[in-house]
Amino acid sequence: MKKIYFSLVLFMCCVYHISAQTPPEITCPGDEIYITDPGICDGTATFITPVAVDPEGGDVVVAQTLGLPSGSEFPLGNSTIEFTATDEDGDQSTCQFTITIVDNQDPVIDVATLVAFTDECLVNKSDLTPPTATDNCAGTVTGTTNFITTTAQGTTTIIWTYDDGNGNTTTQSQNIIIDDVTDPTIDAALPLIINAECEVTSLTEPIPTDNCSSSTITITNDASLPISGEGTTTIVTWTYDDGNGNTSTQTQSVVIDDVTAPLLDGSLPASITDECEVTTLPTPNTTDNCGGTVTITNDASLPITTQGTTVVIWTYDDSNGNTTTQSQNIIIDDVTDPTIDVLLPFFINAECEVTSLTEPIPTDNCSSSTITI
């Protein structure tokens, strides 16, 4: 009896041992990839429940033991799904597969923040506020651009790129408008009046400034050099052009006013001496600061025969209202005696008396002199 009981126990142990070593067979589907649902960072994934079989032919119960159920919204990234198969004897087998949710939605730009940026002269990257963008997945989406700086007048288009960190990018253009509408500033130090006696052959160029330091100001004037003409005032108009369509003008007066009298060169003799008369006077030399023709006159009445000193006044006129005068002494000093009459008879013979004498005819070196006999 004991022998039969031992054999039965041994048989049951062997059957249990064989059953415990034969778990059910279960096969999961392969890994699956889904994209995020519109507007959110999760993606809906569906999958079938794997089928399991028991090699011993028994019933097998299959249950999901890890991960969200099919039809759920799975988070971005990888999620592990596990199923467990259990047979009637409690033996179990498991299989796993991966559900991957991929974000394929580009960031959405807030167009209201992407307005044109306007300046007159210069725009640097630091001047710009990056436009904002939103994304279906949480996180900050920051716009970047390779733009650095520009001074170019007109419209420069730059490109902003938005990256959500999940491999999705969006690009958007923005206009940078440089529009200089400010005229150059005139040179406050420019002399309003230039005074000259004769002419102005050159003008000192003013130094205007511009609101845009990168602009080159072209400076011109309407003067025709040299500027001359006694007693005239010429209005010179300076024009400043910044090359961006903005100009300024500034006027300057050039006044020509000769106030310098002609200069004597010392060639006039201090005095002229003669015994009888002076019939001509040598014209002195003179110069003028403006190089014009000097009119030279005197008050002499030629010939000068009056014994003694006659003062002659010379006048030099530059025709610009400036005169110089100079005096000169004309000295008439006759120191030569009259010449006797060589025909005068040395002897007059008469027998009774001489009642009259024939007047001799002497001569004088000065023909204008009257000889009293």
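**Exercises on a predicted model**

Asp54 counts as buried because its relative accessibility is 9%, where buried means under 20% relative accessible area, exposed over 50% and partly exposed in between (1.4 Å probe, protein chains only). The model is predicted: local features need pLDDT of at least 70, side-chain atom pairs count only at pLDDT 80 or more, and totals for chains, interfaces and linings use all residues. Residues are numbered from 1 along each chain as its sequence is written, and side-chain values use heavy atoms, with hydrogens and water left out.

**Exercise 1.** State where Asp54 is found and which residues it is in contact with, leaving aside neighbours within four places in sequence.

*Solution.* Step 1: Asp54 belongs to the loop between strand S4 (52-53) and strand S5 (60-66); strands (E, at least two residues) are DSSP runs, numbered from the N terminus. Step 2: with neighbours within four places in sequence left aside, Asp54 is in contact with Thr22, Pro24, Val60 and Asp87, contact meaning heavy atoms within 4.5 Å.

**Exercise 2.** Describe the aromatic pair of Phe47 and Phe74.

*Solution.* Step 1: rings of Phe, Tyr and Trp (its six-membered ring) pair if their centres lie within 6.5 Å; planes under 30 degrees apart count as stacked, over 60 as edge-to-face and the rest as tilted. Step 2: the structure holds 4 aromatic pairs. Phe47 and Phe74 form an edge-to-face pair, with 6.4 Å centre to centre and 65° between the planes. Step 3: Phe47 lies in the loop between strand S3 (43-44) and S4, and Phe74 in strand S6 (residues 73-74), so the pair ties together parts 27 residues apart in sequence.
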